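I opened the notebook to look at how two chains meet in this complex. My plan is to go from confidence to contacts, and then to the residues behind them.

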Amino acid sequence: MVRDIALGQYFPGKSIIHRLDPRVKIALTFVYIVFIFIASNFQSLGIMVALVFGILLFSGVPLKLYFKSLKAILFVVIFTSVLNLFYGGGTTLVRLFGFMEITTGGVINAVFITIRIVSLILFSSVLTFTTSPTELTDALERLMKPLKVLHVKVHEIAMMMTIALRFVPTLLEETDKIMSAQKARGADMESGGFMQRVKALIPILIPLFVSSFRRAYDLAMAMECRCYHGGEGRTKMKVLHAAPRDAAALAFTGFLCAAVVFCAVWFPPALS
Amino acid sequence: MPVIETKDLTYTYGEGTPFCKTAVDHVNLSIEKGELIGLIGHTGSGKSTLIQQLNGLLRPTSGKVLLNGRDIWAQPKKIRAVRFQVGMVFQYPEYQLFEETVLKDIAFGPGNMGLSAAEVERRAREAAELVGLSEQLLERSPFELSGGEKRRAAIAGVIAMDPDVLILDEPTAGLDPRGRDVLLSQIMSYHKVRGNTVILVSHSMEDIARIADRVLVMNSGRVEMFDTAEKVFSRDGELEKIGLRVPEITKIMAMLKSRGWPVATALTLEQAVRQLIPLLKKGAHHG
Ligand SMILES: Nc1ncnc2c1ncn2[C@@H]1O[C@H](COP(=O)(O)OP(=O)(O)OP(=O)(O)O)[C@@H](O)[C@H]1O
Ligand SMILES: [Mg+2]
């Protein structure tokens, strides 16, 4: 059924990671992305990997779910690491078709890149698993506020994102219902060639569009009735507050970043 | 032979997850050809889940649905044929309309059956007449109709497939009192003209009492009662316990009876009036 498609991946919980300020979590994710590229040898990368695994364990989200999100990008990981096998210096290990060489340097590159990608995915999965979509948009709105100087409609963008996220499950349910209704009238969506299948979508898409517009219209009306007039002078019911734990998380990350920089400078680089 | 039978029919949503919910629980039913069945039950009692299994939209978790004695899932590839035989009108069916004209939309179902174009149009026009849609409406866009007209067009779209069994999930929800009455009489006359089996889900005890031959009462996924309307609505205590009630007029007659009036149970206003008028006249003479 359509409904089974997992959307957003929020996994409710009460772990320390869940309770961190979403702004801090987003900021730390960016910091992590930057530092995973600063980490240029196995020593510094080791710190990054240790960090992500520590957070995984603290997040209270079943590890199975992390594996699932890794599975989704398995192809990308395999593709890049195989490609990397053939680039790099060092002694030749295997020679393929006469001109392709797998070298020691290439193997190290492949392993290194794989670890980088996997840690990146795991870290961003932590963000989406432990932060609800509303928190995310809320935090994004707050973080993007400086862009207002450039006349970017930050509040409007955030509101649009919130509404879109809110209506995805509703629309999925509606799609389910319309599909059932058309199937009951003998609509055949499982067989036939490509053109036939595209045609079979019409009886579903048209009612879906019609009801989306109706919903959008109703929602706009309801918002107007409650005097919604955009972001100007609007206050929040749930104001984001940074707590001591957020400061602690920032400080801890700062310390690790310094360690990563130190290792990256002190030890020779691994990539060739 | 019964037209529809179920054997230990069970349906569980989200099987194998922590959120699993058994919505239909070992239901055994037998519905004869030509019956008009009223299906009632508290919200969430599994009515919609039950009926969606009868035309193969949901596949039972366990148990069987027999249509004319044959298991509908014996050949899963042929399930579409079952859907033509068991027509299903969903709740708020007007949201399924999509064609350019009302006539084309009504013809969508029969069109999928592989009939000739002439036959499809004949059926569509006949169905439109049965639900009381006038000729000039048929050439209009379905999105220009009023709510009640849309509802009728959607119902015609299912009737046009000429199913042996017609299932309607709360067809009168959201209609004004007049619209409800008209729609109900149309369903009754459809039932009389075609002689087909009809299953009607409704939250209105008055509607059910008025038209149903037999009443099927569901409670938390199980069949609580399945009997004639008189018998079901005479068990008002039990009905109230599972969040239902008897029609207002049935209750009034029961109260009169308990106060010593010589009246029998009545399911509709007309039945009650027929009993009460003579009594009141007599009372006036004596008084
Ligand atoms: N798609 C679904 N996924 C999970 N649970 C569901 C789903 N659809 C229905 N249920 C659950 O199954 C139970 C029966 O639902 P069903 O829709 O059959 O009830 P109903 O008798 O038709 O109610 P109503 O009178 O409100 O239409 C309910 O408890 C409902 O929460
Ligand atoms: Mg229902």
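pLDDT is the predictor's confidence in each residue, on a scale from 0 to 100. I checked this first, since the model is predicted. For chain B I noted a mean pLDDT of 90, with 98% of its residues at 70 or more. For the complex, I wrote down an ipTM of 0.86 and a pTM of 0.77 from the predictor.

Next I looked up the contacts. On the chain B side 21 residues take part, and they touch 17 residues of chain A. The area buried between the two chains came out at about 1600 Å², and carbon and sulfur atoms give 64% of that. I then asked which residues of chain B lose the most area to chain A. They are B:Y95, B:Q96 and B:F98, which together make up 34% of what that side buries.

On to the polar side of things. I found two salt bridges across the interface by the rule. One of them joins the side chains of B:R80 and A:D188, at 4.0 Å from N to O. I also counted six residue pairs in polar contact between chain B and chain A, both partners at pLDDT 80 or more.

Last, I sorted the side of chain B that touches chain A by element. Helices α2 (79-85), α4 (108-111) and α6 (147-159) of chain B each supply at least two residues. The largest share comes from α2(B), with three residues. By residue class, I logged twelve nonpolar, six polar and three charged on that side of chain B.

Technical notes: Residues numbered from 1 in each chain as written. Chains lettered and ligands numbered in written order. Heavy atoms only, no water. Contact = heavy atoms within 4.5 Å. Buried area = accessible area lost by both parts, 1.4 Å probe. Polar contact = N/O pair within 3.5 Å; in protein donor to acceptor, adjacent residues only side chain to side chain. Helix = DSSP H or I, 4+ residues; strand = E, 2+ residues; numbered from the N terminus. Nonpolar A, V, L, I, M, F, W, Y, C, P; charged D, E, K, R; others polar.
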